[in-house]
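Please read this briefing with the structure open beside the text, and look up each residue as it is mentioned. The points are grouped by topic.

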Amino acid sequence: HRLANFQRVWSLPPNENTGKEVTALAWRPDGKILAFGLTDTKRIILCDVEKPESLHSFSVDSSITYMHWMEVTEESSVLTSFYNAEDESNLLLPKLPALPKNYSTTAKIFSEEKSDEIMKLLGDVRLNALVLGGSSGFIEIYAYGMFKIATVTGVAGSCRGLCLSSDLKSLSVITEIRDSSDSEAEITYFQASILDTSLLSSYLPEVTRMARKFTHISTLLQYIKLSLTCMCEAWEEILMQMDSRLTKFVQEKNTTTSVQDEFMQLLLWGKASLELQALLMNQLTVKGLKKLGQSIESSYSSIQKLVISHLQSGSEALLYHLSELKGMALWKQKYESLGLDASGIEEAITAVGSFILKANELLQVIDSSMKNFKAFFRWLYVAMLRMSEDHVLPELNKMTQKDITFVADFLTEHFNEAPELYNRKGKYFNVERVGQYLKDEDDDLVSPPNTEGNQWFNYLKNSTHLKESPLLFPYYPEKSLHFVKRQMEGVIDQCLQKPADVIGKSVHQAVCMSLYKTSQSEDSTPQLSKLPFLWNDKISNIHYVLFTILENSISKIYILRRHTDTSRSVNNGILAVDFGNFLNNSINESSDSRCYSCLDAHFYDDETVTVVLKESVEQEGKERVLAQLPLSSVYTDEDQDREFIWDSTKRLDEQSGEISTRTVILENQWRVLENMKAQYVSVNGIRKVSCVLSSNLRHVRVFEMDVEDDGEVEEEEEEETT
């Protein structure tokens, strides 16, 4: 929805292919792309902010419970020069041709009017990372939201919150550990210098460069996949007509003459048996033959164009980026620690070479098929006109000895009955040779190319040195283009997986704090697990954790502050916050310290926390309150050096008596939420708005937070009810 007037921009209905249950959302820091995780299909979709179109998607191994998308704010001369440098691939490689838009919607992202979408997907050069958290300790980090650069292990429980610091030094995680013997759920807080991600921060320029290459490669694999989809769509079922009609003819004819001989007799003597005449005139027909000829020509030329302009240019660009990546991997001093492996990349380059060879083979098959079919259909068209005693135009009637030889060769090669083929494919003939390359199956090709007498193949066979040469790309004459593409994708994925494993293993746990236990609520009202909430101060790199603990039926808010700079004397500071009486119309105005329970809290910016409060003695007519809590009123100078001594054998709620409490009186930064049982808040400090959600998850109100109040309420407010 648009924030200004809650006008709906788009909606994406549940879909069998993508999934039906969304469990997590995250905006890319520039706000142009929305990522969402689906639990039933275990997929992550990256979607354009203005249109409900999937720009990129990938599968994960666990259902996602939380997502966090952050941007690196670190600056260095090396990074700045990389950010400002023109991407060399733009100068050296031709621009990828846009995919024709008359094919399926899957190709939209690369189609003519969308060629800029790909740049939108790659986004800014500055590194950003999408961190995913899931059930049973699943945590993964994706550079630019597209390519996995770390698989973090060793975290227990289901993820409830994540925050990666903007200098990439540490990752904070909150997990919920359910004890099956106990109906209560224990929420555990992990701090991640701990999951010390310092390998990422110490090699930031290298990680950025490597991740950028990975996203280029990932995008090109998608481009090749979509080019192949377009080729499969260009190949029509009508092209199978010849095979099926001839098979039917074999099954129905009474003579012992083979189909090949029947056609040869027609070619040499100009006379056809009655059965062949019936097949040609009644089933195939002159009109049908003409249509079949046109279909084959248009289909083959479309596939040919797609192979030459899209498949080959995409593969060459892929080869270029992989070769650059291999160069990076050979610079061991910089990239070895990140797990880049030159031998694995060499295998990927070889796999791309095999794919290019297979695409070239398809081009040769298309070329010879087009010539053969043209000559065959021209001859058959004239023969059928004569059978029906129609007038044959003189220019059609001319047929040289060369043409006759051509047709005879075509009949010899393509019109052989193959009983073993009937067992495999249910047909006796494979006249049409292109479709087999586009079938997505593991079976060998029905009619592989004939390499007999090929001088190069003979030369290779007889050369012992060249047979094992790493300079030659392996060739799979028996396999389809789809098979070789799948093999190539597998090898590339495997070689690019290693850095994620190596970086993931370098992440280790520094601190593990057990926060509190919560009993499962009995009521059936919908629940969102919002708190604890994590925040990372980008300037001073302090991790904050907001959470509440129920004491004497009051939810008190706790702020845990941890510095990522380990050289400091104070690393872990914790404070409890009490809210003093600030509602003038309170029932008990004589009481100085009416207590408020905190329902939800979020960091609004680095200096302010937005909270939703309710009076602890909740009575009918008592409204909930939306308030801004400045950190300056919580942290005063004398608190700076007070470290909380944590007893790791106890949970935090068992040590709450030792935590100093700050009572805060909010002056004018609050507002009563009338006629709404508010429960949750979500904020955006950059846009200066807060969004409040009711406890039944059916009412939403949007507030402008920094409007000057001139004696009347000017906050823009919208309510939507389902």
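Glu 176 is buried, with a relative accessible area of 9%, where buried means under 20% relative accessible area, exposed means over 50%, and partly exposed covers what is in between (1.4 Å probe, protein chains only). This is a predicted model, in which local features need pLDDT of at least 70 and side-chain atom pairs count only at pLDDT 80 or more, while totals for chains, interfaces and linings use all residues. Residues are numbered from 1 along each chain as its sequence is written, and side-chain values use heavy atoms, with hydrogens and water left out.

**Salt bridges**

- Glu 176 forms a salt bridge with Arg 160, and the closest N and O atoms of this pair are 2.5 Å apart; a salt bridge is here a side-chain nitrogen of Lys or Arg within 4 Å of a carboxyl oxygen of Asp or Glu.
- The pair links distant parts of the chain, since Arg 160 belongs to strand S9 (residues 158-164) and Glu 176 to strand S10 (residues 171-178), 16 residues apart; helices (H or I, at least four residues) and strands (E, at least two) are DSSP runs, numbered from the N terminus.
- Arg 160 is buried as well, with a relative accessible area of 17%.
- By this rule the count comes to 12 salt bridges, and another of them joins the side chains of Glu 324 and Lys 213 at 3.1 Å, N to O.
- Is Lys 213 buried or exposed? At 8% relative accessibility Lys 213 counts as buried, whereas Glu 324, at 30%, counts as partly exposed.
- Glu 346 and Lys 326 also form a salt bridge, with their closest N and O atoms 2.4 Å apart, and because Glu 346 lies in helix H11 and Lys 326 in helix H9, the pair ties together parts that are 20 residues apart in sequence.
- Both partners are partly exposed, Glu 346 with a relative accessible area of 29% and Lys 326 with one of 26%.

- An open sheet of 4 strands has the order S5-S6-S7-S8, with antiparallel pairing; two strands pair if DSSP finds at least two bridges between them.
- Its edge strands, which each pair on one side only, are strand S5 (64-71) and strand S8 (147-152).
- From one strand to the next, the twist averages 20°, where axes are lines fitted to C-alpha atoms, for helices over the stretch in contact, and angles run from 0 to 180 degrees between N-to-C directions.
- S5 and strand S6 (residues 128-134) pair in the antiparallel sense over 7 bridges, and Trp 69 stands opposite Leu 130 in S6.
- Helix H5 (residues 204-234) packs on the sheet, where it touches strand S7 (139-143) and S8, and its direction makes about 120° with that of S8; contact means heavy atoms within 4.5 Å.

**Aromatic rings**

- The structure holds 5 aromatic pairs; rings of Phe, Tyr and Trp (its six-membered ring) pair if their centres lie within 6.5 Å, and planes under 30 degrees apart count as stacked, over 60 as edge-to-face and the rest as tilted.
- Why is the pair of Phe 58 and Tyr 142 stacked? The ring centres are 4.4 Å apart and the planes stand at 25°, so the pair of Phe 58 and Tyr 142 is stacked.
- This pair links distant parts of the chain, with Phe 58 in strand S4 (residues 54-59) and Tyr 142 in strand S7, 84 residues apart.
- Phe 58 is buried at a relative accessible area of 10%, and Tyr 142 is buried at 5%.
- Phe 376 and Trp 379 form a tilted aromatic pair, 5.9 Å centre to centre and with 45° between the planes; both lie in helix H11 (residues 342-387), 3 residues apart, about one turn of the helix, and both are buried.

**Surroundings of Val 307**

- Val 307, found in helix H9 (residues 286-330), is buried, with a relative accessible area of 0%.
- Not counting residues up to four places away in sequence, Val 307 touches Met 231, Gln 312, Ala 359, Leu 362 and Leu 363.
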